[in-house]
Amino acid sequence: MAARSREKEPPDLVHQNQIFCETVRKELRCQKLHTEYGVNPLKRVHTITRKPMSWHDNIEEPADAKFLNLIHHAALEPTRKYTEPQTESQEIGWNTTPLISVARTDRRLYFPCRNSEITKYMAAMWRLKEQSENVQ
């Protein structure tokens with residue numbers, strides 16, 4: 001109990017300066033100066049309507065092909081943007097092409113809708129029921 005009751009020594013100015021210098025060194029090591037800026041292709045760009053009587057808004061400027069390409073690329077769906085899925089959730093449904101082609105003549109893979117006596121009877125019953133509900 002005696003060790004806990006002992007008070008903490010006041011911080012020394014030399015130790016505080018060392019801690020401050022170490023934090024500044026760490027911050028400077030992790031900082032990166034960004035000088036080139038561009039459009040975020042993942043964020044939608046909202047255009048603002050021009051003022052009709054403003055002279056500087058009515059000047060026609062040539063379209064920037066690189067900027068237009070970037071905007072069109074950002075609007076694409078992920079399967080056209082990337083060659084492989086970027087996240088775990090994109091892996092589901094990434095490959096949409098069937099593994100084998102469906103042959104209509106192969107009875108193992110093609111199960112067309114067939115009508116039997118019971119299905120024809122029930123279809124007629126449903127039709128009658130719908131017609132009687134529509135009349136009322």
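Reader: Which cysteine sulfur is closest to that of Cys30?

Author: A disulfide needs a pair of cysteine sulfur atoms within 2.5 Å. The sulfur of Cys30 is 17 Å from its closest cysteine sulfur, which is too far for a bond. That closest sulfur belongs to Cys21.

Reader: What kind of model is this?

Author: Numbering starts at 1 in each chain as its sequence is written, and side-chain values use heavy atoms, without hydrogens or water. Local features need pLDDT of at least 70, side-chain atom pairs count only at pLDDT 80 or more, and totals for chains, interfaces and linings use all residues, since this is a predicted model.

Reader: How many disulfides are there?

Author: A disulfide is a covalent bond between the sulfur atoms of two cysteines. Cys21 has its closest cysteine sulfur in Cys30, 17 Å away, so Cys21 is too far for a bond. The number of disulfides is therefore 0.

Reader: Is Cys30 buried or exposed?

Author: Buried means under 20% relative accessible area, exposed over 50%, and partly exposed in between, with a 1.4 Å probe and protein chains only. Cys21, at 34%, is partly exposed. Cys30 has 66% relative accessibility, so Cys30 counts as exposed.

Reader: Which residue forms a salt bridge with Glu22?

Author: A salt bridge puts a side-chain nitrogen of Lys or Arg within 4 Å of a carboxyl oxygen of Asp or Glu. Residues three or four places apart on an α-helix point the same way, because there are 3.6 residues a turn. At 3.5 Å, N to O, the partner of Glu22 is Lys26.

Reader: How exposed is Lys26, as a relative accessible area?

Author: Glu22 is partly exposed at 38%. Lys26 also falls in the partly exposed class, with a value of 42%.

Reader: How many salt bridges are there?

Author: Besides Glu22 with Lys26, Glu77 pairs with Arg80 at 3.1 Å. Glu77 is partly exposed at 36%, and Arg80 is exposed at 60%. Asp106 meets Arg108 at 3.1 Å, and Arg108 is exposed at 64%. The count of salt bridges is 3.

Reader: Which side chain of opposite charge is nearest to Lys81?

Author: Lys and Arg count as positive, Asp and Glu as negative; His and the chain ends are not counted. Lys81 sits in helix α4 (residues 78-81) and is buried, yet has no salt bridge. Leaving aside neighbours within four places in sequence, Lys81 is in contact (heavy atoms within 4.5 Å) with Leu42, His73, Ala74 and Leu76. The nearest side chain of opposite charge is 8.9 Å away, in Glu77.

Reader: What is the radius of gyration of the chain?

Author: The chain has 5 helices and 0 strands, and 2% of its 136 residues count as buried. The C-alpha atoms fill a box of roughly 95 × 75 × 45 Å along the principal axes. The radius is taken over C-alpha atoms, and the globule rule is 2.2 Å times the number of residues to the power 0.38. A compact globule of 136 residues would come near 14 Å, but the chain has 35 Å.

Definitions and conventions. Helix = DSSP H or I, 4+ residues; strand = E, 2+ residues; numbered from the N terminus.
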